[in-house]
Amino acid sequence: MKSDLVLLAALAGLTQRASAQAQGYGQCGGVNFNGPTNCVSGWTCTYSNPYYSQCLPGGNGNPGGGNTVTVTITQTTTVRQVTTTTVISTNWEYETVTVTEQGGECTQTPNPSCNNDRTFDLFGVNEAGAEFGTKIPGVLGTDFTWPTHESIQYFLDKGFNAIRVPILLERVAPPADGLKDPSKYNQGYLSGLYGTISYITANGGKAIIDVHNFGRYNGEILTDVEGFGNFWQALSSWTNFNDNVIFDLMNEFHDMDNGLVFQLNQAGISAIRSNNINNLILVEGNAWSGAWHWVDNNDMLKYLTDPKKNMVYEMHQYLDSDGSGTSEDCVSETIGAERVESATRWCEDNNVKCFLGEFGAGPNDVCRAAVEGLLCALKNSDAWVGATWWAAGPWWPSDYFQSIEPPNGRAVDTYVPVLESFL
């Protein structure tokens, strides 16, 4: 059981300035920001919200100036009391108010009944393979592969409409040349990507391009905010032939500064929208984008700004003991519904849409009940636009317990019928 962490912000009198210049798509203002507030020539420091201003294309920089942002923070400290143990979580220091939740042991509640009158906007499967392997750029057919048309068609024929396609950033943008110069991007790899997403969309599906890099590039935490913006500006301009292409900015940030996660996401959004396209953008969070810890780690992402207002928050959730998806044993039959409860409340309270980009479990009775409960919980809230199972893909070993690669993936018989029942 979790209590909500409430953050209230109001404009007040804190001024932040710096004499250096921020790079394109970089942060140039906001609460507790101590970096440069002047943008390089050709970029303008643009206010987004009290926590974030960003250098966007246009103008002649901000010589001698910068945005002045003033904010006062009021923090609600969360106190959870269970029998004789008290746990206090505090992320901000200022005026505090204490909210106490009293109670004994948490008890399991039955899985929710389903709202069968509501259908998901996006529902389908991940098709893994192009992100496989560690060799860069790697050899197609040896180090990585693309999903087969037969596998994609199998799911489309059953009525699934969303296919998430993971890719590696380094295979698009070779590390030797970096992210900033699209003329150096790997055209062979991009050709495979375009062929895959074109097949999906030509046959009635929606293709989700997922940069499956966990917030890293070339083995290090990705800090090149401007380069990340350049990447998405180029990739989205090459794929804007079709409104059914969806951009998943970055898979599962983890162990990173929350401010950097915010900057990278905002850079991707701003870069895509600079092409004046309306395609759906999926935004993931820190801490592996886990739904069960979303409120604790990613509350600040509610301040992201999309001028086209076509952005959805993407979370992931597995049902084993540590939530990693590495064990085929689920905690309980109700763990699926329980692990998305706080995330659902966050989505509803902030009036935003959310998407479960990865979920999966072992092919057994306990896990099947937990998956059904999870999907029922999503269906019962208008905040959730859908979900995609992890995973299909031609290279999964025969013993991979979450594989629904047709026809013989280990989880096909258990979970394809379950997923079909939620269409």
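A polar contact is a pair of N or O atoms within 3.5 Å; within protein, one must be able to donate a hydrogen and the other to accept it, and residues adjacent in sequence count only if both atoms are side-chain atoms. Helices (H or I, at least four residues) and strands (E, at least two) are DSSP runs, numbered from the N terminus. The model you see is predicted, so local features need pLDDT of at least 70 and side-chain atom pairs pLDDT 80 or more, while totals for chains, interfaces and linings use all residues. Residues are numbered from 1 along each chain as its sequence is written, and side-chain values use heavy atoms, with hydrogens and water left out.

Let's start with helix H3, residues 187–202. At its N-terminal end sits a cap, Asn186, with a side-chain oxygen 3.0 Å from the backbone nitrogen of Gly188. How far apart are the end C-alpha atoms of H3? They are 21 Å apart, which agrees with the 22 Å that 16 residues should span at 1.5 Å a residue; the expected span is 1.5 Å times one less than the number of residues. Just after H3, Gly204 takes a positive phi of about 95°.

Now look at the sides of this helix. Buried means under 20% relative accessible area, exposed over 50%, and partly exposed in between (1.4 Å probe, protein chains only). In H3 the buried residues are Tyr189, Leu190, Gly192, Leu193, Thr196, Ile197, Ile200 and Thr201. Because they cover an arc of only 160° around the axis, they sit on the same side of H3; the arc is that of the directions from the helix axis to the C-beta atoms. On the face turned away from this buried side, you find exposed Gly188 and Ala202. The cover over the buried residues includes helix H1 (149–158) and helix H4 (225–238).

Next, find His254 in the loop between E15 and helix H5 (258–273). Is His254 buried or exposed? With 13% relative accessibility, His254 counts as buried. Its side chain makes a polar contact of 2.7 Å with that of Asp255. Contact means heavy atoms within 4.5 Å, and beyond neighbours within four places in sequence, the contacts of His254 include Phe214 and Trp288.

Finally, turn to the core. A nonpolar core is a set of buried Ala, Val, Leu, Ile, Met, Phe, Trp, Tyr and Cys residues joined through side-chain atoms within 4.5 Å. The largest has 104 residues, and Trp232, Tyr313, Met315 and Ile404 have the most contacts inside it.
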